Amino acid sequence: MQEFNLKELGKRAIQLLVSLFVLLTVTFVIGRVLPADPVGAIVGELADPAAFEAMRQRLGLDLPLYQQFFLYIKALLHGDLGTAILTGNPVMQDLSTAFPATLELATLAVIISTVVGVPLGMAAAIFRDTLIDRIARVLSLVGHSIPVFWFGIVGLVIFYAGLSWVGGPGRVDTYLEGLVEPKTGLLLIDSLLAGDTEVFWSAVNHIILPACILAYSAMAYITRMTRSFTLEQLNQDYVVAARAKGASSSRIVIGHILPNIAVQLITVLAISYGSLLEGAVVTEIVFSWPGIGQYMTNALMIGDMNAVVAGTLVIGLIFMVLNFLADLAYVLLDPRTREAS
Amino acid sequence: MKSFWKPIRLALAVSLMAAHVPAAIAATPNDQLVIGTSLVQVLSLDPQQGVDAKTIEILTNTYDRLVYTDNQNGNVIAPQLAEKWDVTEDSITFHLREAKFASGNPVTAKDVVFSLVRLMKLDQASAANFKTAGYSAANIESMVSAPDDRTFRIQFPKTVTPDALLYRMSMGVASVVDSVEVQKHVNNGDYGNEWLRTNTAGSGPFTLRRWTPNDLVMLEANKDYWQGVPTLRRVIMRHVPESQAARLMLERGDIDIANALSASDIGYFQNKDGFVIDRVQTGGFYVLSMNAGRKELADPLVRKAIANSIDYAGIEKTIVGAYGRARNVPVPVDWAGAIKNPDWGFHPEEAKKMLAEAGYPNGFDLTLKVVSQAPRVDMATAIQANLAEVGIRVTIQQGNGADIVAAHRARDFDLLIPQTSAYMPTALGALDNFAYNPDNSAEAKNAGNFVWRSAWDIPEISKLRDEANAERDATRRQALVTEIQEKFIAAGPAVLPMFERFEPIALNKRVIGYSGHPMGMTRVNKITKSDAQ
């Protein structure tokens, strides 16, 4: 059994490496073929051709594509993701400041969407075709079909400009910027570590609206999936049997249905979390949120390929790790897979 | 059913409570200025490298130059680090005041020498204006000197007048850096570029406290500033890429100034209580570039016909608004030496006659390339409609900035709408993008030059421009400047100015003393904020 696990692990590791390599190649080629020109962004529109050419050489863009790729891979194997044109910093350093901002937002969003979406989906299935089901269906349809951009702006107009319930764009009130030294990069945690409650509440104030808006679109998906998983279970014999035995509704739902749909749910939640982590570009732009989505969009605009490729790799890696964790959760939650392995 | 609703009610109550945490303070503190802007183009804070407008605004406040352009006083050159200067036949000698860098080191003439040598040796696009004046990486060390700590001397190359050199000395690229501090951070002969990209070493009223790319720039008052302690403790430039979000923040008082608003959001603040729109004159223009390499457009008569088919006044009123003012002479109407505008406008009958005379009674087809950005896209649509009236059928091709600029540089267009800016606030500074093309051949590859991009060969005007730039006698220079403008109009310009370009910014009325600078060099050390809202 031990042997089998090692083999399985090795197979997975190779799969992961191959996927990453394919991802890297595709991103690199697309990036270099794109018409975006980083040289123009750096030297300015009015620069003379000599300055253009000099910068092109400095960036190594005068080399043939395969040589550029080779050099990139070589540097990558030495742990060097290159320098971002946009910021002049090593890409890794940029990602390590941009990513926590996204992580904080996405984590809060996925928590909110799970806490609301799963019960709502189950309730919709249990009380099928009643008012609650209809509300759930309308909510998830709206969340699925209306662009996040619109929700963002309308949310700001109502809750920020109108009601003053929440803070505006940015992670914290401007006059509180820079008061807390970043340790984890997660402002909510850093401010608590520093014991600065003013910064903490300001950060809560600022994160709540974008997190709720992101959570709403994720919730739409989670609710729909939970509803259909639950419906499937409700028709199963074991539910009928439990009812016949006189088990209470809550006992059936929590004790029997939930464990049975848990595996499928975990996959859905992992996918939602993954796509939130890749940076909700639009939300980040509307809310001036300095996360990975905004960072990569700006990099893409000027053709800053070091930043784009490295960002893509990190996101790819996160997806794969989440997938792996979801698989691991199956084994823990589903007795059949546990016994099979 | 009842038991089901209970937890939902509870959850709702809890989430409402969570949402209602202490509300944000409505106004920014009085000792801080918060500017909502776009920081996408801020790539380097090295004064001898950064050229983007927002970068210049930061450098203006973190560094001093020897002189500055006083935009509140007719754009004259005024003293900054230099108390006074003497102009002789072959050089300018600056006498420096006593001042200190933020590091505590004294500002000396050696620092000025170091900064200018650094500019030319780094040899980036930022050095362009000093190159056109005749300085180079090879000659700079022989052109600048520091006879003593308080005296700095710079020699003239042949082709530049004292005025034009003084204006160059007021630019962001001529900022004086702390040579002692920078030399501590030199790496592989990079003149400290790596370090200075993300740090400041100046003597300006503010120092850089923090810069997070695409997030925020935080400047802190330099308490030892030689002009006195700045009134503001802190200046924050916050990246707010979405115009509507910036509008809400300005309205709510979370930012004091918004300088990257869309046309519709500018319109929103135009007549709103508590806010003012400041139209910052740039000295540049919105231009209709015509490719004189195309058969039809090579004919001056056709170009004049086009110039006489556009409803400038109408477009100004309905589209350009706060962004500009109709004008076909490439010198802003209120700048010294500007001539009267020709009688161009929407004259379809005259234009048709000119086209017939040129051999195109039935018109022809053209494409018009434009950056998909207000107000230029809407200008393109209006021009398309105008030209249709005289038989010129225009297809509009939109693109992002990089695409359109690349097509412009490669002469790959029929019509294109670029925008210019003046490199110095004088008639000659404004004319530079319009009246100079020393070599029109394709081999010259002078892609930085707007006239070359239009393949418009103007040897006579170019010669006059050279003469004017080298002419030291103000009266004779003015005569040349007038002649250039007249010849430009008479030639039927392929680089046709349509509107003087303004950059509208929206300010909270509480902000007192903000005066947008035409070269983007707005100082904020004397700004105050009133309590009255």
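Biologist: In which helix of chain A is the place of A:Ala51?

Modeller: Bear in mind that this is a predicted model: local features need pLDDT of at least 70, side-chain atom pairs count only at pLDDT 80 or more, and totals for chains, interfaces and linings use all residues. Residues are numbered from 1 along each chain as its sequence is written, while chains are lettered from A and ligands numbered from 1 in the order in which they are written. Helices (H or I, at least four residues) and strands (E, at least two) are DSSP runs, numbered from the N terminus. In chain A, A:Ala51 sits in helix α3.

Biologist: Does A:Ala51 count as buried or exposed?

Modeller: A residue is buried if 20 or more other C-beta atoms (placed from the backbone) lie within 10 Å of its own, exposed if 12 or fewer, and partly exposed in between. A:Ala51 has 22 C-beta neighbours inside 10 Å, so A:Ala51 counts as buried.

Biologist: Leaving aside neighbours within four places in sequence, which residues is A:Ala51 in contact with?

Modeller: Contact means C-beta atoms, placed from the backbone, within 7 Å. With those sequence neighbours set aside, A:Ala51 is in contact with A:Val43, B:Gln124 and B:Ala125.

Biologist: And which helix supplies the largest share of the side of chain A that touches chain B?

Modeller: The contact draws on 46 residues of chain A and 49 residues of chain B. On chain A, the helices that each supply at least two residues include α3 (49-58), α5 (91-126), α7 (148-162) and α9 (197-234). The largest share, 5 residues, comes from α7(A).

Biologist: How do the residues of that side divide into nonpolar, polar and charged?

Modeller: Ala, Val, Leu, Ile, Met, Phe, Trp, Tyr, Cys and Pro count as nonpolar, Asp, Glu, Lys and Arg as charged, and the others, Gly among them, as polar. For the side of chain A that touches chain B, that gives 26 nonpolar, 15 polar and 5 charged.

Biologist: How many helices and strands does chain A have?

Modeller: Along its principal axes, the C-alpha trace of chain A spans about 85 × 60 × 40 Å. Of its 341 residues, 41% are buried. Its secondary structure comes to 15 helices and 0 strands.

Biologist: How far apart do the end C-alpha atoms of residues 77-440 of chain B lie?

Modeller: In an unreviewed entry, UniProt lists these residues as "domain: Solute-binding protein family"; such annotations may be inferred rather than shown by experiment, with positions in the numbering used here and feature names shortened. The span is 31% helix and 23% strand, and its end C-alpha atoms are separated by 34 Å.

Terms used
Two residues are in contact if their C-beta atoms, placed from the backbone, lie within 7 Å.
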